[in-house]
Amino acid sequence: MNNYILSKKLFRNELSTFYSFLIGFIIALFVGSLILLIQDKNPIDVFSLMLKLSVGSINSLSNSLNKAIPLILAGLGISIINSVRLWNIGAEGQIFMGALALNFFYINSSIQNSALYIFLLLTASFIGGSICILIPALTKVLFGVNEIITTLLTNYIVFGLTIYLINGVWKDPASLNFPAAAYVSELVYLPIIVGKLSSGFLICIIFTLLAFYIKDKSVFGYEMRIAGGSELTAIYAGISAKQKAFLAMLIGGGFAGLAGGIELLSQTHRVSTGISQGFGYTAIIVAAITGMRPLGIFLVGCLFGALTIGGSVIQTIGVSSYIAEIIQATTLFGALVAQFFFSYEIKKKVENG
Amino acid sequence: MVDIQFIGLLNATLQAATLLFIAALGELITEKSGILNLGVEGMISIGAVSGFIAAINTGSLFFAIIIGVLSASVFASIHAFVTVVLKQDQTVSGLILTILGLSLSSLIGKKYVGKKLDVKLESVVNIAEPDSILDIFLSQNIIFYLGILLMVATAYVLKRTMFGRRLEAIGEDLKSSDSMGLKIAKTQFIATCVGGAFAGLSGVYLTLSYVPYWTDGMTAGRGWIALALVIFGGWKPYRTAFGALLFGFLEALGPRLQTYGFEMSPYIVKITPYIITILVLILLTIFKNGDTGAPRNIGIPFFRENR
């Protein structure tokens, strides 16, 4: 090995992230197949069933896209926060907080049959997500407290708060064994576009474009990148790095909160522990695998939504749904391995005197 | 004679602290070498489930501990490979290690949910009714004492041996370490796997003694509290142990608050350790004024420019 040296490539292929993702996905399918083989299941049968039940019909395809909504929105939030080189591991908590804030607003307002009212409800969920990340954001910019740990720990706090509320003041007497809040009125359900596809998906498309604009086209996005890149450059350019970091975190948290609001109005129709099934964690994979690019997050979010639906339906033939999660995580590991070969090259050492 | 409630509280404190401390100590070693591993939660989970499965199938606790420690260590080597050999982002890799560890352990532990262990880690000294502080310390199981031993050993190795000094040098200054001819990749790889082994031991303690059964998500964020503990301890073994006792005390105190006359919803009690962890982390960062004692090169991949 000593005869070889590693050198950084000067130019990286524009599409290297995309290729890395593809390679990672193939590796992950291979690993998934191995696990299935160990469990005496035929991988081709399982995967084709997953494919059929996740994208085979209008209904299953719309289920998949519905699942993609929270993954995409939370992933976009993570990517915005990453513009200032900070991590948001608290998307799971923000999703729950979005749903809690929406329900709080719903209970304390008179229900109206109007698009404006639904808009206000969703705004409440966005604000809920921002509130959820407020303490990590404040302590980060004021004192430099590690945001990875604080955002992560808020997940447990908000989840505990949710359980407290649905077992206590918000508990619906009608739901006996399964603790949950009361259902919201049908007037505020998000309308269906086609099949089972919720109009939340349209909101999702709008927010993808919005995130793309914020990150890549707006002055604010440019300032965020400078603030995250180098403190000195930011000072020189007259940019308050702390202010940008704070705003980025609030906006990013709001995206995840909105995901919780849409989930409530389109899927669960009430606050329960089912508002999120680990979407906030999967969203980290979605965001990281695309190199934090909004349009990539949208596409990978759709794919992972389908994988999640596929994973849940194969339980009926006795295959664990965790296989989908393992494929998702392994895809990222595979992509990291591939990324190495796009960024470095191994050269034979040249003897020079 | 000491108050029986106090005895119970002390016992629970030591057990909760052991669990947190061993994982934190492992992460401390990893971070000292400049590698940040956010996968602690996943590694504990892997150690917990594999130790539990080994204990059920073989009935041998010794074998179960070995299996738990080894599998978590092998699992940590994924992180070592991706970050040390392939020089990829340590934050991303560590996070995915947690996600993968939790889902993988749920997958392999599925058949074992709800099964009961015939064997359990027993106290080293059997005391029927412990009624003094000394009795409590004497009636812990083997992993508790192993934890103390590891604490002393880690402090010694880091401060007094060549390996430890090199490890710390690498975590502080990669370039100088490289020009001194230290084997950076090898040291960081070993440190990451050792960190995994410690997390595995902590996981084994969870399923063979602390809880003792297996269920999904039973690590309940302890890996993240362990990460906070390393910061709390300023990357020093003894101070980390003190932090573990403090956090262990808080975890043990929660369910007992009512017996002391505080009326609190059990759901709120459950989240107090997380709230307190955040508060402590904030206070600590404020009072340390930026200088937390973190290894300077933490999270930065090493790459020697060829000329």
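How are α10(B) and α12(B) oriented to each other? In this predicted model, local features need pLDDT of at least 70 and side-chain atom pairs count only at pLDDT 80 or more, whereas totals for chains, interfaces and linings use all residues. Residues are numbered from 1 along each chain as its sequence is written, while chains are lettered from A and ligands numbered from 1 in the order in which they are written.

Helix α10 (residues 222-232) and helix α12 (residues 266-288) of chain B pack with axes 10 Å apart, at an angle of about 25° (helices being DSSP runs of H or I of at least four residues, numbered from the N terminus; axes being lines fitted to C-alpha atoms over the stretch in contact, with angles from 0 to 180 degrees between N-to-C directions). α10(B) and α12(B) are therefore roughly parallel to each other (under 35 degrees). The crossing of α10(B) past α12(B) is left-handed (the near helix turned anticlockwise from the far one by less than a right angle). Ile225(B), Ala228(B), Ile231(B) and Phe232(B) of α10(B) contact Thr277(B), Val280(B), Leu281(B) and Leu284(B) of α12(B) (C-beta atoms, placed from the backbone, within 7 Å). This contact comprises seven nonpolar residues, one polar and no charged (Ala, Val, Leu, Ile, Met, Phe, Trp, Tyr, Cys and Pro count as nonpolar, Asp, Glu, Lys and Arg as charged, and the others, Gly among them, as polar).

Helix α1 (residues 4-32) and helix α11 (residues 237-253) of chain B cross at roughly 140°, their axes coming within 7 Å. The contacting residues include Leu9(B), Ala12(B) and Phe21(B) in α1(B) and Pro237(B), Gly248(B) and Glu251(B) in α11(B). By class, the contact of α1(B) with α11(B) has 18 nonpolar, three polar and one charged.

Technical notes
Helix = DSSP H or I, 4+ residues; strand = E, 2+ residues; numbered from the N terminus. Parallel < 35°, antiparallel > 145°, perpendicular 65-115°, else oblique. Contact = placed C-beta atoms within 7 Å.
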